[in-house]
Structure formats: C-alpha cells, structure tokens
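Hi,

Here is the structure I promised to pass on.

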Amino acid sequence: MTALAALLLAQSAAQGERVALEGTVVDALTGQPVKGAMVQVRPIPFRPNWPPDSQATTDASGKFRIENLIPGRIGVFARHDRYPPILEHPPKTEEIITLESGGTKDYRLKIVPGAAISGRVVDEDGEPMPFAYVDVVGENDDPERSRPYGQSPVNDRGEFRIANVPAGRYRLRVRTNRPPLRNRPFAPREADADFASLVYPMAYHPPQPPGGKAQSIEVQPGMQLTGIEIRLTVERAVPVSGQVTGYRAPANGPGLSLTLRRKGAPTDAYFTYSQADGKFRFSGVRPGSYDLTATSQQTMTLTHFSRQDLEVGDKPLKDVSIEAKPTFEIAGTVEDPKIPGLPLQKMGFMQISLNPIDAPPGVPHVNSAVLPGGNFTLTGVVGGVLYKLSGPFPYVARARIGNRESEGDVIRFDSPGQLTIVPGVLPASANLTTTTPAPETGLSLVLQPLDEREKHPRHWVYLTYSQPNLRTIQAAPGRYRVVAVEGQLFPYNVPPDQMFELVKSRGQEVEFRVGAAAPQLTLTPFTRAEREEIEKKLRQ
Amino acid sequence: MSGAIRFVAHFAWCAAAYAQASGTGVMSGRVLDAVTGEPIRKVAVQSYLGSSYATSITNERGEFRLEGLPAGSYRVLATKPGYINSAYGTERNTQPGTYVKLAAGEQNPNINFRLTPAGAVSGSIVDSDGEPVAQARVVLIREVWRRGRWQFQMANQATTDERGEYRMFFVPPGRYVLEAAAAFGSRIGKTARLAAYYPRASTLERAERLTIAPGKELSGLKIWTEIAPTASIRARVEGAPEGVDPHVSLRATANEITRMSWSSTSSYQGLYRFEEIPSGPYEVWATAGKLLAVEKLTLAPGADRELTLRLKPFLEMNGEVVVEGPGAEKFRNFKVTLTRPTFRGGPAPTAAADPATLKFKFTGLEPGVWDIGVNVPPNGYLKSMTLGDLDVLNEEMELNESPDAPLKIVVGTDGAQLTVEMENALPAIALIAPTGKLRDIESHRRFLYTDADGKIPVRGMPPGEYRVWAFEDVDASQLSPEFLDRHEKFATTVRLAAGQSAVVKVKRIESAGGAQ
C-alpha cells in the first residue's frame with residue numbers, strides 16, 4: 001500500500017465511510033459454494049470502534065454480505081459445523097485482505113475441509129472395545145494441551161471415526177476405563193486390595209517403537225484416512241495403597257488428592273483421594289517409575305503439596321507413606337518504581353501472579369489482587385519451585401524475599417516470608433531490521449531468555465506483529481537469543497525441540513538494557529517452507 | 001506367552017488364599033444368545049453372596065464355572081457389552097432375578113443363561129433441502145407405560161458427524177420415537193432449527209413409532225428438519241415486595257424429554273428479556289419471595305411477545321388423615337409427601353400430621369400435578385383420598401389455586417395378606433392388579449419378584465377382587481391395557497376381604513421369544 005492510499009483510507013475512515021464486504025464462501029478443495037457458513041471479519045490492526053456485529057451466515061448459494069465495515073486491512077474467515085472447528089484466534093485459516101473504499105464485491109472466501117480418520121479398536125482377542133475413547137493428539141501428546149484435536153468413542157462394532165481434523169501431524173491415543181476380563185476367586189469385595197489385576201494401558205497409533213522416537217500420521221485437507229486398527233494389549237497391574245501423614249482433613253471435607261504420573265508420560269496418570277484416616281488406594285497401577293503427588297485444595301487455594309518418586313513393581317504395594325507439606329503464604333508489597341522504599345498507591349485493579357516454570361505437574365499458578373497501599377498476599381506457594389513473577393507492570397526490576405535480593409522475573413521461595421517487588425517501568429528496546437521484506441502475514445519474534453527459563457520454551461517471550469513496517473521492539477531488560485518467524489507462532493503448537501532448533505540455528509544474542517543505546521538486531525525470518533524443512537529434519 | 005502363564009499362577013495363589021476349608025460348591029452352565037442360540041464367549045458371570053463374589057469368564061463354547069462357593073443363596077449375573085445384562089431367572093436388566101440355593105459341597109451344572117442382544121439405530125439428519133446437518137443432537141425416546149398411559153423416556157442420544165450421520169447402539173428392544181433436538185444460538189445465528197421427529201413430524205405425538213427387535217439394527221432413518229426465525233419474550237412482573245428482585249424463568253413445554261429452560265434474575269427497567277429462543281409452547285414462571293406467577297403461551301416463529309406476570313402467593317392446602325379399622329387409635333404418626341410426576345429438581349414438600357388431630361397443612365406449593373404419598377401402618381392401606389368432590393386416589397391431583405376443601409386421606413388398618421405361590425416353585429415376576437377400571441391405575445398395581453422359594457408374600461392389600469399374572473420374563477415398561485388384555489386368559493382371580501390371609505397358586509407364563 002502506498003502512503004497515499006493509506007492516507008486516503010485513513011481519511012475515509014475518519015469521515016465515517018461505511019462499506020460492505022460481499023462474497024461467496026467456497027470449499028477450498030471442490031470450489032463448491034458452502035451454505036450456512038458463518039463469516040467473521042476483524043480489523044487489522046485492532047480498532048476499538050469496529051462494529052461489534054461484523055458477521056454473517058451464507059445463504060443457499062453460499063453468498064454473504066457484511067455491512068457497516070470501515071475500509072482498510074481486515075482478516076476474514078469462515079466457520080461451519082462440517083469443517084474443522086476454530087480453536088485459536090485469529091485462526092490459521094484467516095485471509096487478510098484490504099477492504100477498498102466503496103466496498104468489496106465477489107470475494108471468494110475459501111473454507112478448508114478437515115480430514116476424517118477412522119478405524120477400529122479391538123481387544124487382545126480382536127473383539128470390539130466399545131466405550132474406549134480415541135483422541136487425536138499432537139505429535140508429542142503434550143500433557144499441557146488438555147484439549148485433543150478431535151475425539152471419538154468406539155462403538156459396538158469397534159469402530160471409531162473422527163472428522164473435521166485440520167491438516168497436520170498427529171497421533172491417536174486410546175483410553176478405556178474397562179479392565180480386561182478375568183476370573184476372580186470367591187472372596188470378599190475388600191480382598192480386591194490384595195489381588196493383582198489386569199489393565200489396558202493407554203495405547204497410541206502409530207505405536208512408539210521401544211526406545212525409539214514417537215511416530216505420527218500426517219493428514220491433508222479432505223483426506224479420508226481409513227482402516228486403522230488399534231489392538232489393545234493386556235498388562236498386569238497392582239493396587240498401590242498407603243498412608244498420608246501431616247494432614248488432617250476438615251470435618252466432612254475431602255481428603256488429599258493423590259496422583260500417580262508415569263515418569264516421561266505424564267498423561268498416563270492415576271487419581272485417588274485419601275480417606276478421613278489418611279489411607280489411600282490406587283487400583284490397577286502398571287509397574288514402572290512414577291511421580292506421586294499429594295495436594296489439597298480448599299476454596300481455590302492449594303494448602304498442601306508434596307511430591308516423591310515411587311517405584312511400582314509387580315506385587316501389590318502397601319504401606320506407601322507420603323508426608324503432606326503445607327504451602328507458603330507470601331505477603332508482600334509493590335514499591336513505587338519512581339520513589340524507592342515507598343509502597344505503590346493503587347490505581348485501578350491490579351494483580352500479581354506467580355507462574356511455575358520448572359515444577360512437578362500439579363503446581364498451580366498463584367494470583368493475588370494488590371490492595372491499596374501496594375500490599376498483596378500470595379497463598380498456595382510451593383517451596384523450592386521456580387516461578388515467573390508478573391504484575392501490572394512491564395517487568396520486575398528487583399525482588400526482595402526477607403533480606404535476599406533477586407533480579408528479574410524469576411524467583412524461588414525456600415520459606416514463607418515477606419516479598420518486596422520493585423517494578424520495572426521503562427522497557428528496554430532494540431532496533432530491528434529484517435534482511436528479507438517483512439511478510440504480509442505478520443512476523444513473530446521468539447526471545448529465549450538466557451537465564452533459568454532458557455530450557456523452558458513455554459516461558460520464553462513471544463511477540464507478534466501484524467504491521468509489516470516494524471522497527472523497534474521492546475522487552476524486559478536481560479540477555480536473550482532472538483529469532484524471527486514468518487506468520488503467527490503459538491508456542492503451544494510448536495514442539496520444544498523445534499524451538500531449540502530455531503534459536504540454535506539462527507538466534508542472535510542481544511542484551512536489552514534500560515537507559516543504554518538500543519542495540520541493532522538484523523534478523524532473517526524463517527519462512528514457512530524453512531520451518532517445515534526443520535520440522536521434517538527433526539522427525540527423522 | 002510367559003506373561004499369560006504368570007497370570008494364571010497368580011490367580012491360583014489368590015484362590016488358595018481365599019478358598020474355603022471344605023465343602024465348597026460349584027456352579028456352572030452355558031450362556032447362549034437368545035436370538036441365534038449360539039454360545040457367547042467372554043461373558044462375565046458373577047455369583048454374589050453378601051459382600052463376597054466370584055467371577056468366571058465364558059469360553060468359546062459359552063461355558064463358565066464358578067468354584068469354591070460356600071453354601072448359601074446366590075444371585076448370579078451375566079454381563080457382556082452388547083447384550084442386556086441378565087440376572088439368573090430373567091432375561092432383562094429391569095429385573096433382579098432369583099436366588100440360586102447352593103448346599104454345602106453341591107455342584108449345580110444347570111445355571112444357564114440366554115442373553116438378549118441389544119439393537120441399534122442409525123441414519124442421518126437433513127435440512128429442508130435434504131442437505132446433511134452436522135453437530136445435531138439426536139435423541140432416542142422410549143415409549144413406556146407409566147401412570148396409566150404411554151409416556152416418553154430418554155433412552156439414548158448421539159450427535160451427527162460432518163456427514164449428518166448418527167448411530168446409537170446397545171439399545172434395549174422396545175418401542176421408540178426418534179427426535180432431532182432443537183438447535184439455536186450463535187452457531188446458526190438468529191434462527192433455530194426446530195425439534196423434528198422421525199421421519200418428518202413436528203411433534204412427539206405425531207412421530208412414527210419404531211420397534212427395535214433384539215439384535216436388530218434399524219438403519220437409514222433420516223429425519224427432516226426445518227429452520228424458523230427465533231422468537232423473543234419481554235416479561236414484566238407486577239406485585240413484587242419492596243426490595244425483592246423477581247426471578248423469571250422460561251420452560252419449553254413441547255416435550256418433557258429434551259426440555260429446555262432459561263432463567264433471568266436481571267431486568268432492564270423492570271423488563272426481563274429472553275431473546276433468540278426457538279418458537280413453540282412455553283411456561284413463564286416468576287417468583288419473588290413467597291409470591292409466584294405462571295403463564296402459559298405459544299410463541300410463533302419471529303414473534304416478540306410482551307407479557308405481564310402478576311405475582312400471587314404460593315398455594316396452600318389443608319388436609320387430614322382419618323384412620324379406620326381395628327386399632328385405629330394407635331396410629332398417630334403420619335407424614336404426607338407431595339412429588340412431581342416428572343422430576344423437576346428440588347425437595348419434595350412434606351407435611352407431618354399433628355398427632356392429636358391428624359390434621360396437616362402444606363404451604364409454598366407450586367401449581368401443577370402432584371402425586372400424594374403417605375406412610376400407612378404395617379398391613380394398612382389407602383382406602384380413599386379426596387379433595388372436595390375429587391377422587392385423587394384414582395385421578396391425578398392438579399392444583400391451579402389453593403383448594404378450598406381439605407385433602408382427606410382415609411387409611412385402613414386391616415389390609416389383606418396375600419401369598420402368591422408359583423407352581424413348581426419356579427422363579428417369576430408377578431403383576432397383581434385390581435379387576436375393573438382400576439386395573440390400569442399404576443398406584444393400584446403391585447409388580448413383585450419371587451423369593452428363593454418361588455413365593456411372593458404381600459401385605460396391606462386393599463380388600464377387593466384381583467387378577468394375578470406371573471411371568472417368566474416381562475418388561476415392566478410395557479404393561480399396557482392391550483398387553484394385559486392379550487394375557488387375560490393366563491391370569492388367576494382372587495378375592496380378598498379386609499383382614500383376610502389368602503394363598504393363591506399360579507402357573508408361570510413362559511417367555512415367547514428366544515431359542516430354547
């Protein structure tokens with residue numbers, strides 16, 4: 001867009017010109033019009049005075065018309081029950097167009113069909129396994145991504161079918177609660193605690209070769225992937241029972257919540273509660289190495305947390321003991337960044353958060369409102385866990401726990417105590433130049449902090465820019481390794497090994513410093529094709 | 001392979017640890033498919049005695065063997081997905097079955113089961129152009145004989161896939177109708193897909209009846225649906241006490257199965273708005289403290305109705321219990337409970353009668369149909385229940401306003417005792433119903449199972465003439481007048497006088513279906 005065109009657009013918007021977008025939604029594969037599709041538009045960049053009701057449904061010939069729009073760059077996408085669901089915003093399928101002054105007509109908006117994956121799940125004898133569940137999960141079956149990409153129960157004929165799966169690489173995960181059949185001698189019900197039992201462990205397709213790398217299946221739009229057969233295997237399992245110490249359940253309240261998670265495969269988990277007398281029992285645990293955690297949650301606050309290793313062999317395991325450790329309550333103050341030593345006077349709603357960085361599963365994030373006078377109380381903080389501290393300020397300049405001083409956003413608590421936060425207000429900057437023209441689809445920057453977060457891509461800094469003419473970037477002070485990536489990058493959709501590969505192969509080290517001259521960053525953004533190349537390389 | 005051997009070894013150890021010292025018995029038998037007569041493998045057969053049990057899994061020939069069983073009266077269950085669970089002595093899971101008596105050291109090789117295979121239903125949902133509708137909720141509704149008429153009950157549900165297709169399985173044999181439930185909301189904009197019934201009906205009553213036979217699949221059932229503009233309601237509430245914000249709710253009354261409701265506690269300038277709701281019949285309820293208003297209305301597609309709800313006090317009802325018969329003066333503790341014929345949530349209103357006067361009073365009652373429950377003395381019975389001129393023992397009690405007349409409950413202390421004895425002490429399920437027009441009133445019927453000796457003792461029977469049917473196997477939800485008329489010739493008549501003890505011997509009506 002030329003400067004003049006931009007000026008004209010800005011002017012027409014200022015004059016309040018309203019235009020319509022008219023077009024047809026078509027199937028990206030067949031080119032056929034799609035009836036009953038919901039079309040949604042959004043302004044790029046975000047504009048607060050954008051009409052809220054900017055959506056329409058296509059008629060029987062696939063046509064739609066959205067009125068009352070402001071000319072300029074917009075993102076458009078369509079959704080439909082017979083196409084993959086929109087899971088993220090903005091969706092990957094969004095098309096970015098310029099809405100001309102006078103409106104746009106005959107726009108053909110493509111809607112991309114998903115794939116359908118179908119097959120059968122059978123037991124060890126080849127009989128159907130009704131009521132097992134098949135989930136479509138990411139290549140790494142990331143336990144933090146709780147929602148699968150698709151799900152299907154298995155029917156009476158052993159069949160499953162998952163449709164509307166967006167193009168991508170996946171694994172299928174099969175779960176069932178129904179234990180394998182077995183003869184049981186005549187005995188009291190309570191005797192089950194002494195019996196080893198059988199279970200169907202969670203199964204994957206494609207199966208993971210022993211010691212090998214997980215395989216995946218790739219689906220393309222409109223693909224009908226049929227005939228997958230998943231046979232469940234029977235494994236021996238044992239009951240695990242024991243005793244919680246250091247915890248008294250409230251009257252009529254629940255006991256501690258206990259979880260066994262298989263090391264290296266945390267989605268393979270068992271759950272139970274302790275009784276009033278502190279006793280607990282897991283049934284049907286497969287032999288292996290586990291993390292045993294005990295947590296107690298009362299009125300949304302974690303009051304106890306403890307973790308220990310547990311080895312489960314092929315004999316029923318009794319007398320496991322776990323001590324419940326109370327969590328910390330951390331009271332504190334936010335200081336006024338401009339007047340050291342003085343608490344911050346509250347302006348509007350403010351919140352302090354602690355997000356666990358490298359913690360056992362089950363350690364939640366913690367929030368506290370900041371009261372007038374800059375005071376806050378964080379409850380349910382787990383000792384020894386590394387947290388990222390954040391609040392209603394760009395970053396943390398310094399934090400004091402008791403008389404120990406730390407710098408930056410990463411913090412660890414060894415005992416309950418008083419926390420003082422000195423906010424950082426002025427962000428540090430760097431100047432950015434890209435060696436190739438900035439892509440239309442936007443640019444994402446990945447900043448790998450060179451501190452304790454280095455090995456945890458979830459806690460890196462991700463910046464997304466939709467303006468192609470970007471020059472200055474801002475971040476909390478510190479040392480980073482930076483890369484640029486074409487388009488929008490969602491850390492939850494990218495496996496960690498790919499993140500490490502990106503920063504390793506093209507990362508530029510840079511230090512962001514407040515009050516110092518902005519350093520120069522010259523980056524070559526990874527194109528979509530290059531990223532796919534890396535993905536392919538890593539898979540081998 | 002070695003793994004399999006290890007399992008066996010382990011269970012053998014368990015068996016040894018829990019084996020009875022001596023004189024344990026064995027139950028064995030076969031499990032066959034009631035339709036094909038073929039043996040069924042991998043059926044779990046379990047024998048229960050108190051809180052102890054044993055399990056045996058059938059082999060390729062459908063055979064099982066339960067060992068190490070001490071003497072006692074066992075319940076034996078056979079379960080396999082795809083078949084109706086069965087207790088020994090019956091074929092359906094609606095019945096608890098009968099006991100198997102095992103003497104010390106006895107071997108009973110005749111514990112045989114015939115399992116009824118479940119059916120399936122499949123098809124598609126289309127719009128008025130015949131195009132598939134994805135993500136549509138499909139509900140299978142079972143027709144059951146309850147409270148003296150055919151009623152509907154949710155049986156199964158499914159969601160259509162992107163091709164508009166659905167499939168429901170493990171469906172017990174019976175009479176059904178099929179619904180494509182209404183859909184509305186942001187997914188389809190300011191229109192609603194109206195509820196539709198197989199194949200093309202707009203109400204449950206006009207739906208085609210489907211008979212699902214054991215082990216059969218009804219396929220290709222296509223339901224045509226229609227889209228209509230949504231409607232809206234603006235309700236104003238009058239007569240709310242100072243400082244009390246009324247609560248307004250909306251209940252769709254098109255059918256009791258896929259009942260939808262909305263509620264609102266906030267108004268804008270006294271106006272409660274319900275927008276983008278499907279057209280159809282509704283009840284609008286408003287409550288504020290101890291006041292209530294109910295309006296019934298039908299919304300046309302696209303309608304925007306305004307209405308005013310005038311709050312009135314909740315209903316009140318006075319009543320008394322009268323006890324008649326020998327020792328009547330001894331019984332002074334009565335508790336009367338009102339329940340809804342269809343569950344709506346919330347506690348059932350209860351009133352205790354004053355021991356001196358036997359009078360009771362209900363306050364805070366919602367209008368509508370109420371069922372009356374009262375505790376009767378041992379061997380006592382309900383003689384009559386009247387509300388003014390209304391016979392509420394034999395008719396439904398529908399309250400629209402606080403009744404002027406009291407609810408009068410007459411309890412007799414001298415009910416009759418009846419023992420039904422099965423010929424050859426066979427296990428059976430008996431239906432005992434009065435003769436004449438009271439036969440089809442559910443509260444007068446008794447539906448009971450034989451004990452381990454093939455007997456059914458019943459107390460507190462109102463005096464009168466009864467017919468007794470004893471079935472090998474029957475579905476309790478299908479005991480319609482037509483069904484009983486068809487089986488009239490198999491019934492045995494018995495007359496009971498007040499305070500009398502009678503024994504009636506009956507012959508079992510053998511099940512027709514299934515391969516023997």
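A definition to start with: pLDDT is the predictor's confidence in each residue, on a scale from 0 to 100. This is a predicted model, so local features need pLDDT of at least 70 and side-chain atom pairs count only at pLDDT 80 or more, while totals for chains, interfaces and linings use all residues. Residues are numbered from 1 along each chain as its sequence is written, and chains are lettered from A, with ligands numbered from 1, in the order in which they are written.

On confidence, chain A has a mean pLDDT of 85, with 91% of its residues at 70 or more. The lowest part of chain A is helix H1 (residues 3-14), with a mean of 49, and the highest is strand E8 (residues 115-122), at 97. Helices (H or I, at least four residues) and strands (E, at least two) are DSSP runs, numbered from the N terminus. Over residues 1-5 of chain A, pLDDT stays under 50, and the model gives that stretch two contacts beyond four places in sequence. A contact here means that the C-beta atoms of two residues, placed from the backbone, lie within 7 Å.

Now the overall picture. Chain A has three helices and 40 strands, and its C-alpha atoms fill a box of roughly 85 × 65 × 45 Å along the principal axes. Of the contacts in chain A with a separation of 6 or more, 71% are between residues 24 or more positions apart. Of its 540 residues, 33% are buried; that takes 20 or more other C-beta atoms within 10 Å of a residue's own, whereas 12 or fewer makes it exposed and anything in between partly exposed, with C-beta atoms placed from the backbone.

Then the interface: 25 residues from chain A and 31 residues from chain B take part. On the chain A side, the elements giving two or more residues are strands E11 (159-165) and E13 (184-188), and E13(A) has the largest share, with five residues. E13(A) also runs antiparallel to strand E3 (residues 52-57) of chain B, joined by three bridges (strands pair if DSSP finds at least two bridges between them). Within this pairing, Arg184(A) stands opposite Thr55(B).

Why does Gly507(A) count as partly exposed? Because Gly507(A) has 17 C-beta neighbours inside 10 Å. Leaving out residues up to four places away in sequence, Gly507(A) touches Gln448(A), Arg481(A), Val482(A) and Val483(A).

Cheers
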